[in-house]
Amino acid sequence: MALALGATAICILVLLWEVVLPKLEERLERRKACRARVPVQPGEGYDPGRERRAEQRARTLLRSCVNDEEWAMYRDLGFLRVWGGMGDGPERDRGTQGAPYAYLIYPHKPIVAYVPQTRRLLSEYCVEFPDETRPYGSARLPDSDDVLAKWMALTGDERRIIETANLHLPGRQVDPRQVRRDLWRLGRWEQERLRGPGRPSGSVPTP
Amino acid sequence: MRLLRMKPGHGEVLLAEGDVGVREEEERLVTAFREQLAAGMWAAVPTTARGGRREAQLVRRFDDVPRDAERVIFFPPAAGGR
């Protein structure tokens with residue numbers, strides 16, 4: 001009896017060892033990798049000052065491309081709204097029955113399509129503009145350049161960008177509660193602008 | 001006309017500038033334009049439509065760029081994100 005129990009215990013120990021050993025090795029390797037010095041090429045390290053200047057340039061470029069109302073929206077709310085132009089909405093199988101629809105453009109987040117009339121969220125379109133030349137070690141455009149790229153792609157060729165993007169149901173990456181809060185903020189913001197003293201030149205009323 | 005390219009960590013970069021009415025300058029612009037498209041970039045011309053609405057026109061050839069366009073903006077091609 002004792003011999004059988006002993007043999008079983010040895011077997012269990014051996015099996016456990018087989019299971020645990022790779023994990024221990026992996027953890028050790030990871031620890032070594034974390035402690036290792038990563039050589040940084042000159043000009044490739046993250047430089048917050050450079051990124052800030054890049055973002056400033058990107059904001060200036062964005063401002064020069066969109067109208068006053070869109071610029072103010074981005075400046076005040078942190079996103080842009082672009083009206084959709086396809087007859088029955090962006091999705092072939094789930095149309096909007098002719099209701100106007102729009103997109104919210106956030107920096108480095110999916111484009112969110114919705115129906116302003118009902119505030120129904122339609123879908124998320126995950127799209128990126130990675131610059132694989134990685135001039136400073138990163139493929140990521142400044143926030144405002146990312147917004148401008150989405151804006152140009154949507155206003156220039158909506159179908160092309162929608163078909164390029166990965167389509168997901170609302171809520172996969174952007175919290176629907178946040179989107180609804182943003183839509184509420186947008187509504188308030190528009191009301192305040194309408195009440196304000198005179199609309200700025202170049203602004204376009206909501207269709 | 002100015003050709004600009006968005007660049008990570010920098011913002012836009014001026015690639016070329018010239019008058020499309022001057023032959024040599026136009027050739028320089030065409031060369032720079034083709035280089036960007038060959039590198040896979042997308043090209044857009046910001047425009048103002050009737051009623052003051054701003055939009056962009058995506059172009060694939062230099063001939064598609066309106067002669068009076070002030071600038072063409074190149075940006076990395078779109079890819080489906082996660």
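Biologist: How many bridges join strand β2 of chain A to β3(A)?

Modeller: Keep in mind that this is a predicted model. Strand β2 of chain A covers residues 102-105, and β2(A) and β3(A) run antiparallel. A:Ala102 sits opposite A:Tyr114 in β3(A). As for bridges between β2(A) and β3(A), the count is three.

Biologist: And in the hairpin of β2(A) and β3(A), which residue takes a positive phi?

Modeller: That hairpin has five residues between the strands. The positive phi there is near 55°, and the residue that takes it is A:His108.

Biologist: Which strand of chain B is joined to β4(A)?

Modeller: There are two bridges here, and the strands run antiparallel. A:Val127 faces B:Gly80. The partner, residues 79-80 of chain B, is β6(B).

Biologist: Which element gives the most to the side of chain A that touches chain B?

Modeller: Overall, 37 residues of chain A are in contact with 25 of chain B. On the chain A side, α2, β4, α4 and α5 each supply at least two residues. By class, that side has 21 nonpolar, seven polar and nine charged residues. The top contributor, with seven residues, is α2(A).

Note on methods
Residues numbered from 1 in each chain as written. Chains lettered and ligands numbered in written order. Predicted model: local features only at pLDDT ≥ 70, side-chain atom pairs only at ≥ 80, totals over all residues. Contact = placed C-beta atoms within 7 Å. Helix = DSSP H or I, 4+ residues; strand = E, 2+ residues; numbered from the N terminus. Nonpolar A, V, L, I, M, F, W, Y, C, P; charged D, E, K, R; others polar. Pairing = 2+ DSSP bridges.
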